[in-house]
Amino acid sequence: MKDFTLHIFITIALIFFFRNVLAIEAMDMDSLNNVIFKLEKALPLVKEDSVKGEALIGRIADLYSERARKKFIKEIDENCKNCLKSKEDRIKAISLYKKLLSLSKNSKVQHIAIFQMAHLYRMTGQDKRAENLFENIINKKTITNPKIIAEAHAGLVEIYYARGLFHKALNHANQALKIDQLKSPGLIVYRKAWCLLNVGKHSEAKNTLVKLLKTPRLISLETKEGFELDISFQQDIARDLSVFYARGKVTNKDIKELLEISPTGKAYDNLFYLGQELSRLGTYSSALLVWENVLNSKEITNDQKLEVLIRLAELHLIAAKYNKSVASFVEAINFWKKNGCKDKVDCEALRIRAKNHVINWHKQRGKKISENLLNTYIAYISLFDDDYEMILRAATIAKSLNQFKKSQELFRLASHRAIDRAKKGPAFEAALVGEIEAAESSNNNNSKKEAYEYYLEVNAKGPKAIEVNYQMAHLFSSKKEYLKAADSFYFVATRKTSKYKGLKKKAAELVIDNLVLAKNYEKLEKVAIEFSKLFKSKEKEFKSHARKASLILALNIVDDKNATREINEKAFQRLSGISLIGSDKKEKIQIYKAKIVIAERLNDISNLIAAATGLYKIPKLSVHDNDFALNYLVWGNELKSNFKKSYLYARKIKNTSMNKTEHSIWLGMLAELAKMPYEKYYNDFIRYTNSRKQANSIRAKFILESKKPWQLLSKNYNKLKFTPDILSDLALELYANSKEQKKVKTIIKTTSIKKTNSARIIMRELYLNEYMKLLNEVKNHKIHSQSQYLLKKSLNKRLNLLKLLEKKANEAIFSQDWLSQLYSLENLKQENLRIANEITSLPVPKNINKIQANEFVRALNEKAKPFIVKAQSIDKKTQSFWDNNALFTSLEEDIKSTSIKVSELLKNELKLLLELAPNSMKNKLSNISKIKTNKYVNNSDLRKAWQDLKNNPLDSNVLLHLKELEERNNSHTIVAYLDIRLAKLDNWSLK
């Protein structure tokens with residue numbers, strides 16, 4: 001039952017599939033697989049050499065062939081080679097057809113098998129086997145069917161034609177056509193014409209093709225209704241005929257013939273195609289003739305005319321007629337602009353053609369570019385201004401022709417049209433860079449500036465931004481716009497990229513150079529520090545620039561004497577921030593000097609000393625710089641009241657603006673303040689000075705400090721006598737301390753000295769000392785009345801003493817010293833009254849009577865009367881002194897202004913007067929005697945004043961107070977030092 005069913009299937013399959021190719025082609029892949037499977041299963045059930053066997057083998061072969069075709073198509077779609085095993089199916093089909101050919105005696109079956117095998121051989125890359133198959137048919141004569149032999153020749157025509165073996169192909173074409181048994185003889189005639197053309201038989205080839213076109217049967221298809229013209233084949237032949245015409249010189253006759261022989265509606269197309277071929281082959285005159293005919297045709301559309309104009313431009317280019325080519329191309333572009341282009345597909349093709357024409361011209365000329373080429377580009381761009389590539393090419397050509405302005409404009413347009421403008425990609429960047437290169441080639445600064453600025457405006461972070469900024473910076477610098485140049489160089493130098501290391505470093509250096517030229521040292525200082533961190537290999541160099549900038553800024557402030565305190569403070573901070581690491585000696589000197597000056601202005605003593613110390617410690621300083629440092633070390637330490645350091649530094653100064661006199665007294669005062677030996681300097685001062693007064697002031701100081709002052713005074717007397725005030729003051733002070741009358745008498749014997757106030761005090765003291773001795777003697781004297789003899793003797797003695805006392809009073813009057821006069825006269829008055837009283841109080845003798853007694857008393861009164869009168873006369877004189885307040889005020893001032901010892905002398909003198917003073921004057925004199933001398937200085941007060949100066953060295957009021965105390969303390973040299981210090985404060989920059 002099973003076998004019966006299979007036989008039924010085979011029978012149906014054979015009936016259905018018997019050479020029914022269309023039925024096979026209509027099957028899908030699954031159906032093919034299923035049928036092949038069933039037929040191959042049925043094959044063993046039939047005899048191969050039977051009709052059924054041949055039919056079954058043929059069907060299976062056809063099915064494999066079709067399946068291979070479908071697989072091959074799918075492999076192509078999937079872009080894989082033999083991935084579905086199409087080749088294996090074809091090889092299987094070949095083997096089946098080969099078996100069929102060996103089994104079958106049927107010529108129709110043989111014909112099918114042979115040509116299917118040949119086809120499959122070629123499809124599997126076995127052309128040689130296909131060739132051998134056809135050759136065997138022709139040469140071995142095993143097959144006598146003329147139709148198969150003719151088709152074998154036709155098959156060889158195709159094989160040899162495909163290989164380019166045109167002579168062989170031509171020979172077999174002739175053999176095939178002779179047999180006249182071909183299924184499609186027109187196709188062999190067509191191949192024959194092409195073979196003739198390819199072997200150089202142009203005329204015969206053309207005639208063969210013309211004859212083919214004029215023989216409808218050869219270009220017709222056989223159908224059930226009969227022969228039908230193959231329109232498609234006819235059109236192809238007519239089109240190819242244009243190619244054949246193009247191989248020779250074309251005349252108007254040829255053009256007319258082509259138009260006449262062409263199929264209906266294809267005449268213009270073929271003529272157009274002829275023009276294309278002639279243009280392609282570069283047959284200039286023939287092509288030109290054809291295109292003129294085309295342009296004159298009434299059938300031509302605007303789009304076609306446009307194409308012809310472009311082709312004319314191409315043709316003129318081939319003929320090296322460059323001016324005509326430009327003219328035709330410009331005419332085409334202008335025509336396009338005016339009339340437009342309707343068919344989108346054709347228009348796009350024309351645009352491509354126009355573009356290719358321009359590009360081909362460019363390629364053809366290579367480096368031999370011309371203005372014609374540029375004009376062609378510009379014409380194209382004028383219509384297609386969105387074609388970035390062409391704009392870029394045009395810009396490059398304009399640049400090569402030195403038309404830099406035009407080039408720059410074109411590059412700008414290219415940047416606007418760049419396809420990646422939004423993303424700022426390579427195309428956009430190329431246009432920007434091209435514009436820059438064109439501008440740079442022009443060597444026009446304005447053009448360069450415009451290009452640089454545009455790049456930075458639209459692509460500030462572009463890959464060339466660093467280089468553009470660098471060039472922009474150079475441009476700014478050349479125009480002396482140094483700050484702008486510095487900003488652009490700074491941009492380059494600070495970019496965070498591993499590229500452009502050398503350029504960035506160079507840019508950093510140029511930032512510095514331009515800031516120097518701009519004299520913007522504040523910015524220079526800042527960026528130099530920044531660069532020292534960014535460029536480690538140049539760290540030392542950039543730090544040096546920063547130092548120099550800081551120094552210049554500070555020095556500018558140093559030179560500006562009107563700078564505010566705030567500005568000076570900033571300048572000092574700037575100087576303090578400068579690292580001295582890597583600085584040279586000159587820089588260090590400048591930095592320290594600037595710090596000294598500004599610290600001085602800021603009254604910053606500590607920093608003044610620190611800066612001066614730093615300067616002083618620099619090795620091998622010049623004498624000038626060394627002394628500069630030392631002077632400030634001296635002054636700073638003076639202000640700190642560190643006189644020992646001040647003195648020690650002062651000794652080291654080599655050159656000073658002071659003369660020897662000033663220098664010696666200065667060193668002496670510092671040494672004295674430092675409690676160091678100072679005598680040498682004061683002695684030098686005495687030796688150098690031209691002033692006797694100054695020299696004697698120092699001598700007086702030495703004398704007062706000496707353990708043997710009178711001896712030293714005597715030694716220097718001959719020099720001191722020329723300055724009476726100093727000598728008398730010195731003598732008075734020594735006398736007040738020692739009461740050496742004899743020695744002081746020797747000192748004041750000179751008339752010039754006697755006129756001084758101190759000498760008057762001394763002379764008064766000496767006078768009063770002598771007077772007191774006489775006065776004591778007078779006061780101690782008594783009148784004895786025990787006897788007349790004693791009375792007379794004692795009375796005479798008293799009178800003599802009074803005369804001496806009066807004489808002494810006259811000396812006082814002669815000296816014109818009011819206090820001596822007053823004291824002498826008051827005592828003289830008292831003694832006159834005393835003697836008058838003593839005379840009138842003498843006892844009356846006992847042995848006389850009353851009358852005699854009265855006479856005796858009267859005589860005594862008369863005797864006493866002159867003394868009373870004398871006393872009254874003196875009283876009037878002394879009263880004038882007591883009433884003169886100025887005298888006592890003067891005495892009060894003397895007490896206040898003298899030293900303690902001298903003040904004590906004067907107070908003692910005042911006490912003498914107090915005993916004689918009228919009651920109205922006693923309180924006043926008592927008050928004056930209680931006044932303390934201004935010269936008295938408490939040591940604790942003096943120490944406190946010096947401490948105040950140390951704490952407030954720049955306070956002039958503190959200095960003045962200390963000076964007052966030292967004046968009262970008779971510290972003349974210290975007072976002189978404080979005067980110098982006050983003068984220095986007047987010159988102090990900022991108070």
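1. Helices here are DSSP runs of H or I with at least four residues, numbered from the N terminus. The model is predicted. In this numbering Asp684 belongs to helix H35, which covers residues 679-688. Asp684 has a relative accessibility of 10%, and buried means under 20%, so this residue counts as buried. Its side chain is in polar contact with the side chain of Arg687, at 2.7 Å.

2. The largest pocket holds about 1600 Å³ of space. Its lining has 48 residues, and those closest to the centre are Glu966, Asn970, Ser971, His972 and Thr973. Helices that give two or more residues to this lining include H34 (660-673), H38 (724-738), H41 (757-780), H45 (885-897), H48 (939-951) and H50 (972-986). Helix H36 (692-705) is also one of these elements, and H36 gives the most, with eight residues. By residue class the lining of the largest pocket splits into 19 nonpolar, 15 polar and 14 charged.

3. The second largest pocket has about 800 Å³ of space. Of its 23 lining residues, His111, Phe115, Gln116, Glu151 and Lys183 lie nearest the centre. At least two lining residues come from each of helix H6 (107-123), helix H8 (146-163) and helix H10 (185-198). H6 supplies the largest share, nine residues. The lining of the second largest pocket consists of nine nonpolar, seven polar and seven charged residues.

4. There are 20 aromatic pairs in the structure. For Phe535 and Phe542 the ring centres are 5.9 Å apart and the planes stand at 45°, so this pair is classed as tilted. Phe535 and Phe542 are both buried. Together with Tyr490 and Phe531, these two residues form one aromatic cluster.

5. Another of the aromatic pairs is Phe643 with Trp946: the centres are 5.7 Å apart and the planes are at 90°, so the pair is edge-to-face. This pair links distant parts of the chain, with Phe643 in helix H33 (residues 643-652) and Trp946 in helix H48, 303 residues apart. Phe643 has a relative accessible area of 7% and is buried. Trp946 is buried as well, at 18%.

6. Two arginines sit over tyrosine rings. Arg239 lies over the face of Tyr273, 3.7 Å from the ring centre. The charged end of Arg412 is placed over the ring of Tyr454, at 3.6 Å from its centre.

Definitions and conventions. Residues are numbered from 1 along each chain as its sequence is written. This is a predicted model: local features need pLDDT of at least 70, side-chain atom pairs count only at pLDDT 80 or more; totals for chains, interfaces and linings use all residues. Side-chain values use heavy atoms; hydrogens and water are left out. Buried means under 20% relative accessible area, exposed over 50%, partly exposed in between (1.4 Å probe, protein chains only). A polar contact is a pair of N or O atoms within 3.5 Å; within protein, one must be able to donate a hydrogen and the other to accept it, and residues adjacent in sequence count only if both atoms are side-chain atoms. On a 1 Å grid over the protein atoms alone, a cavity is a set of points where a 1.4 Å probe fits but cannot get out, and a pocket is an open set with protein on both sides within 12 Å along at least five of seven lines; lining residues have an atom within 4 Å of a point. Grid points are joined across faces, edges and corners, and a volume is the space filled by probe spheres set on the points. Ala, Val, Leu, Ile, Met, Phe, Trp, Tyr, Cys and Pro count as nonpolar, Asp, Glu, Lys and Arg as charged, and the others, Gly among them, as polar. Rings of Phe, Tyr and Trp (its six-membered ring) pair if their centres lie within 6.5 Å; planes under 30 degrees apart count as stacked, over 60 as edge-to-face and the rest as tilted. A charge sits over a ring if NZ of Lys or CZ of Arg is within 6 Å of the ring centre and within 35 degrees of the ring normal.
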